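The following note is intended for a colleague who is meeting this structure for the first time. Please read the numbered points alongside the sequence and the model.

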Amino acid sequence: MPAAALGTAEWYRHFGTVDAPGSSPCYADWSLHIADDPELIARIDQWPYNKRQPLLMLAAARFLGAKVSPYPEFRAFLDEHWAEVSRTVMSRATQTNEVGRCATLLPSLAAIAAAEGRPLALIEVGASAGLALFPDRYSYEFDDGVTVTRLGPGGCRERRGPDVSGGPPVGSDGLPEPPVLRCRTAGPVPLPVSLPEVVWRAGIDLNPLDVRNPDDVAWLEALIWPEQEFRRERLRRAIAVAREHPPLLVAGDLNEQLLPLAGQAPADAALVVFHSAVMGYVSTDGRARFRAAIQGLTHDRGCHWLSNEGETVIIQEDGSAVVPEMDPGRLRGNFLLLHNGQPVAITGPHGQSLDWL
Ligand SMILES: C[S@@+](CC[C@H](N)C(=O)[O-])C[C@H]1O[C@@H](n2cnc3c(N)ncnc32)[C@H](O)[C@@H]1O
């Protein structure tokens with residue numbers, strides 16, 4: 001969501017020039033054409049503002065069967081299915097559950113567990129289907145261009161050289177093969193030697209998605225950008241992992257549910273509250289209240305806070321999104337990871353890169 005209310009055409013143009021290129025040539029092309037299509041913009045403008053979001057409209061069309069195609073074909077699809085597209089847009093929300101983000105959170109989670117000397121209890125706010133609550137169940141490949149570090153539930157191994165073929169050790173116990181989360185690193189990333197232990201996990205979402213519900217799973221797949229088959233594949237694998245023991249997900253607003261849920265976390269575990277790609281959907285006032293609640297939890301419970309969000313919605317102490325020490329050019333199109341309010345890394349929005357500060 002843009003921080004300031006963009007006009008709809010500008011919003012699609014921004015998506016087509018900033019967000020989509022490099023990830024989805026098809027979405028970039030469709031969005032730019034939509035921005036120049038006043039008749040379609042007028043139809044989109046009949047939806048409430050937060051429903052005009054490009055990714056929501058494009059995902060709704062894909063959910064209903066729109067194929068990667070030149071714009072005129074896509075436009076014809078929209079004309080033919082407009083009533084269903086509208087219904088889907090009104091009944092669904094952008095709830096992309098990007099499991100790749102676990103790769104950018106993992107070093108911080110492992111560092112917290114090591115510093116605390118105890119296992120973790122995780123609360124994710126804005127959890128969608130809760131797939132980021134299983135960082136201990138996935139496999140990772142961190143690549144700094146020279147060294148590839150692999151970590152997985154079956155143990156860890158490290159090897160040098162750019163050849164990463166072969167994949168991590170998986171699946172000997174009959175459990176679902178975990179997704180392999182690949183992440184480019186730069187700077188002094190504190191890569192762990194093993195995965196942290198997680199003894200309790202829970203999430204909060206306005207509308208938790210259920211990994212056992214085929215419709216919810218189809219919507220999660222539709223939210224992935226068309227050309228990114230590798231993301232769909234890792235989503236499917238992560239869903240299979242989550243289905244083994246579906247996480248506790250509480251329906252409701254993060255500000256209302258956080259404290260009661262934190263009260264259920266085991267007292268002998270190190271509590272980490274985290275969120276990715278959520279604060280853009282929360283009002284400025286809601287973000288300020290959330291920050292205050294986290295500060296209370298930090299004080300009373302020694303909780304850690306990991307925030308992985310876009311540059312416009314980072315929550316600073318003074319309520320602003322300005323990070324004085326940060327070059328805004330470096331942040332554009334990326335997320336900033338903060339640990340207890342302090343910037344620690346610039347992260348790729350889908351977890352594809354981790355640039356330690
Ligand atoms: C873009 S998704 C990101 C999901 C997940 N954090 C991830 O990184 O994969 C944002 C999620 O935040 C949830 N959300 C937005 N505002 C919320 C609020 N006030 N309270 C709880 N959840 C919220 C949405 O329902 C949605 O599932």
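1. Which of the 24 residues around the ligand come nearest? They are Gln 95, Gly 126, Leu 254, Ser 276 and Tyr 281, where a residue is near a molecule or strand if its C-beta atom, placed from the backbone, lies within 6 Å of it. Strand E6 (198-205) and strand E8 (270-276) are the elements that give two or more residues to this shell. Helices (H or I, at least four residues) and strands (E, at least two) are DSSP runs, numbered from the N terminus.

2. The model is a predicted one, in which local features need pLDDT of at least 70 and side-chain atom pairs count only at pLDDT 80 or more, while totals for chains, interfaces and linings use all residues. Residue numbers start from 1 along each chain as its sequence is written.

3. By class, the shell around the ligand holds 11 nonpolar, nine polar and four charged residues. Here Ala, Val, Leu, Ile, Met, Phe, Trp, Tyr, Cys and Pro count as nonpolar, Asp, Glu, Lys and Arg as charged, and the others, Gly among them, as polar.

4. Helix H9 (residues 254-262) packs with helix H10 (residues 284-301) at an angle of about 10°, their axes being 10 Å apart. Axes are lines fitted to C-alpha atoms, for helices over the stretch in contact, and angles run from 0 to 180 degrees between N-to-C directions. H9 is therefore roughly parallel to H10; angles under 35 degrees count as roughly parallel, over 145 as roughly antiparallel, 65 to 115 as roughly perpendicular and the rest as oblique. On the H9 side, Leu 254, Asn 255, Leu 258, Leu 259 and Ala 262 meet Gly 286, Arg 289, Phe 290, Ala 293, Leu 297 and Arg 301 of H10, residues being in contact if their C-beta atoms, placed from the backbone, lie within 7 Å. This contact comprises seven nonpolar, two polar and two charged residues.

5. For helix H1 (residues 8-19) and helix H2 (residues 25-35), the packing angle is about 155° and the axes are 8 Å apart. The two helices are therefore roughly antiparallel to each other. Their crossing is left-handed, a term used if the near helix is turned anticlockwise from the far one by less than a right angle, with right-handed used if clockwise. Ala 9, Tyr 12, Arg 13, Phe 15 and Gly 16 of H1 meet Ala 28, Ser 31, Leu 32, Ile 34 and Ala 35 of H2.

6. Helix H4 (residues 54-63) and helix H7 (residues 214-222) have axes that come within 8 Å and cross at roughly 125°, so H4 and H7 are oblique to each other. The crossing of H4 and H7 is right-handed. Ala 59, Arg 62 and Phe 63 in H4 meet Ala 218, Trp 219 and Ala 222 in H7; five of these residues are nonpolar, none is polar and one is charged.

7. Among the strands, E2 (residues 139-143) and E3 (residues 147-152) pair in the antiparallel sense over four bridges, pairing being assigned if DSSP finds at least two bridges. Asp 143 has Val 148 in E3 as its bridge partner. Three residues lie between E2 and E3 in their hairpin, and Gly 145 in the turn has a positive phi of about 95°.

8. Strand E12 (residues 353-356) runs parallel to strand E5 (residues 180-186), joined by three bridges. E12 also pairs with strand E11 (residues 342-347), in the antiparallel sense, over three bridges.

Definitions and conventions. Contact = placed C-beta atoms within 7 Å.
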